[in-house]
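Subject: Structure handover

Hello,

Here is the structure for you to look at. Please open it alongside this email. My notes follow below.

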Amino acid sequence: MKKGKVYLVGAGPGDPGLFTLRGLEVLRRAEVVIYDFLANEELLSFAPPHADRIYVGKKGGDHTLSQDGINRLLVEKGRHHVVVRLKGGDPFVFGRGGEEAQELVAAGIDFEVVPGVTAAVAVPAYAGIPLSHRDFTASMAFITGHERADSRESKIDWSKLATAVGTLVFFMGVKNLPDITARLMEHGRSPETPVAVIRWGTTPEQRTVTGTLGDVVDRVREAGLKPPALIVVGEVVRLRDQLNWFERRPLFGRTVLVTRARQQASDFKRLLEEKGARCVEFPTIRIAPPESWEPLDRALSELQTYDWVIFTSVNGVRFFMERLFEAGKDVRALAGVKLAAIGPKTAEALEARGLRLDVVPGEYRAEGILQAMGADSVQGARILLPRAKVARDVLPETLRKWGALVDVVPAYETVLPTEGADRVAEMLREGRVDVVTFTSSSTVTNFLHVFEAHDPLKLLEKTTVACIGPITADTARGRGVPVHVVAEEYTIPGLVQALCDYLAC
């Protein structure tokens, strides 16, 4: 029987971007993933689809599985499987990784430790607090704020800790904050010493309360700050006012609903998150192959008879090229055919395949490409338009009026997904979504259809609505949806910038 192995992997402090390359490598080979409350669930998407995912989180004293139970589970699964034990922060920094490793050694099971970015370093950094600074301190200490319940005496020597170390970082200490501050002051630390308490550090939910040893308990109580949080004590906390970069980002703390198709949402989500937003993905469009490939296959067999091929989306490029290669051809089949793309992203998709564009309009919609091509250049021309099964007819109808012979063939179609609609409706109803984004007319109409039973216009009453351009905005307004933001440049970066500008007002 196959011999297993357990990887004790640090998931980092919360931001999935801080996960290590080695952690990613072993997670992609996992057969079983055993993960904690503080491990970002986004990381689970990197595990193979067939891998078992087992949650053993502990939250506020509510343990899904006791530590002894977790140890037994690791031994059971680790005998014959590749197991990734995904732990928040670093497994050997207050993560009980050492205890779990001892159990594996006792059971004769191979293991490896994959260190993670510890919250002790990352969370203060995201709050604008360096742990060391030549003008303030050259020493630091990491301390648990929650010792073992069965321990009869503290392992913390408060008399030495209070004044011997410049910066103190306490893990899991919010509930014991009154005792921590009292002990530090009792053993000589000044009541005026700056303190920061940081909840959900490195994530869009990060929240920071600052004060001094003398008043921070009252400030935290007034703010209603709850675990999980990290406590930083020391003069370096004074630097936060100057260095607080993370919480000053233009979309920080805003929740944005992304309705774009999942295949296209990654760049949009990345740009929003770089600006500080928390993204909730609810694609109102799922991209699928057309019902029949016959029209596109026939057009591909006659490519040399066309004067132009006009692409109106990245999806059109993808399905067109995949079908071309499926037919045993490549980009050489487009030799002598002029190519046009409706916008820069579509153009990039073509250029990435080694194709040179003849027309890319300055305005990224059908009207823009018509203006860029001009009536004289298409009269009598045969034009292929591979696109979505359902789309605006402005482009083919105008080209035909100008005397072109236009073949519109479906390269893909959009399907209406509904999974997760009830959860999103509840978030909208409760005002927990700050912005709803629409990146095409079909995302608008599909959104209204999906939420038809929830009174979609009422759902949007408490949120900002942002549209990628005037066509999408007109569709929304025509259906009774109030539009607050319209991008001047009809691109994803343009929409993100317009949203930042609007919310900064």
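Does Arg 96 count as buried, partly exposed or exposed, and at what relative accessibility? Arg 96 counts as partly exposed, because its relative accessibility is 41%. The cut-offs for relative accessible area are under 20% for buried, over 50% for exposed and in between for partly exposed, with a 1.4 Å probe and protein chains only.

First, some ground rules. This is a predicted model, in which local features need pLDDT of at least 70, side-chain atom pairs count only at pLDDT 80 or more, and totals for chains, interfaces and linings use all residues. Residues are numbered from 1 along each chain as its sequence is written, and side-chain values use heavy atoms, with hydrogens and water left out.

**The chain overall**

The chain has 20 helices and 22 strands. Helices are DSSP runs of H or I with at least four residues, strands are runs of E with at least two, and numbering starts at the N terminus. The C-alpha trace spans about 90 × 65 × 50 Å along its principal axes. Of the 505 residues in the chain, 49% are buried. Take the contacts with a separation of 6 or more: 68% of them are between residues 24 or more positions apart. Contact here means heavy atoms within 4.5 Å.

**Backbone points to check**

Most residues other than glycine have a negative phi, and most peptide bonds are trans. Arg 96 is not a glycine, yet has a positive phi of about 60 degrees. Arg 96 sits in the loop between β6 (82-87) and α3. Met 172 also has a positive phi, near 50 degrees. Met 172 is in the loop between β9 (167-171) and α6 (177-186). Met 172 counts as partly exposed, because its relative accessibility is 46%.

There is a cis peptide bond as well. The bond runs from Pro 227 to Pro 228, with omega near 0 degrees. Pro 228 lies in the loop between α7 (216-223) and β12 (229-233).

**Two helix pairs**

Two packed helices are described by the angle between their axes and the distance between the axes. Axes are lines fitted to C-alpha atoms, for helices over the stretch in contact, and angles run from 0 to 180 degrees between N-to-C directions. Angles under 35 degrees count as roughly parallel, over 145 as roughly antiparallel, 65 to 115 as roughly perpendicular and the rest as oblique.

Helix α2 (residues 67-78) packs on helix α3 (residues 97-106) at about 45 degrees, with the axes 10 Å apart. That makes α2 oblique to α3. The crossing is right-handed. A crossing is right-handed if the near helix is turned clockwise from the far one by less than a right angle, and left-handed if anticlockwise. From α2, the contact uses Gln 67, Ile 70, Asn 71, Leu 74 and Val 75. From α3, Glu 99, Glu 100, Glu 103 and Leu 104 take part. By class, that contact has four nonpolar, two polar and three charged residues. Nonpolar covers Ala, Val, Leu, Ile, Met, Phe, Trp, Tyr, Cys and Pro; charged covers Asp, Glu, Lys and Arg; the others, Gly among them, are polar.

Helix α17 (residues 441-450) and helix α19 (residues 470-478) cross at roughly 25 degrees, and their axes come within 8 Å. That makes α17 roughly parallel to α19. Their crossing is right-handed. Ser 441, Val 444 and Thr 445 of α17 meet Ile 471, Thr 472, Thr 475 and Ala 476 of α19. That contact has three nonpolar, four polar and no charged residues.

**Aromatic pairs**

Rings of Phe, Tyr and Trp (its six-membered ring) pair if their centres lie within 6.5 Å; planes under 30 degrees apart count as stacked, over 60 as edge-to-face and the rest as tilted. The count comes to 15 aromatic pairs. Tyr 126 and Phe 246 form a tilted pair, because their planes are at 55 degrees, with ring centres 4.7 Å apart. Tyr 126 is in helix α4 (residues 119-126), while Phe 246 is in the loop between α8 (240-243) and β13 (255-258), 120 residues apart. Tyr 126 is buried at 12% relative accessibility, and Phe 246 is buried at 3%. Trp 245 and Phe 246 are edge-to-face, with centres 5.3 Å apart and planes at 70 degrees. Trp 245 counts as partly exposed at 42%. Tyr 126, Trp 245, Phe 246 and Phe 252 form one aromatic cluster.

Best wishes
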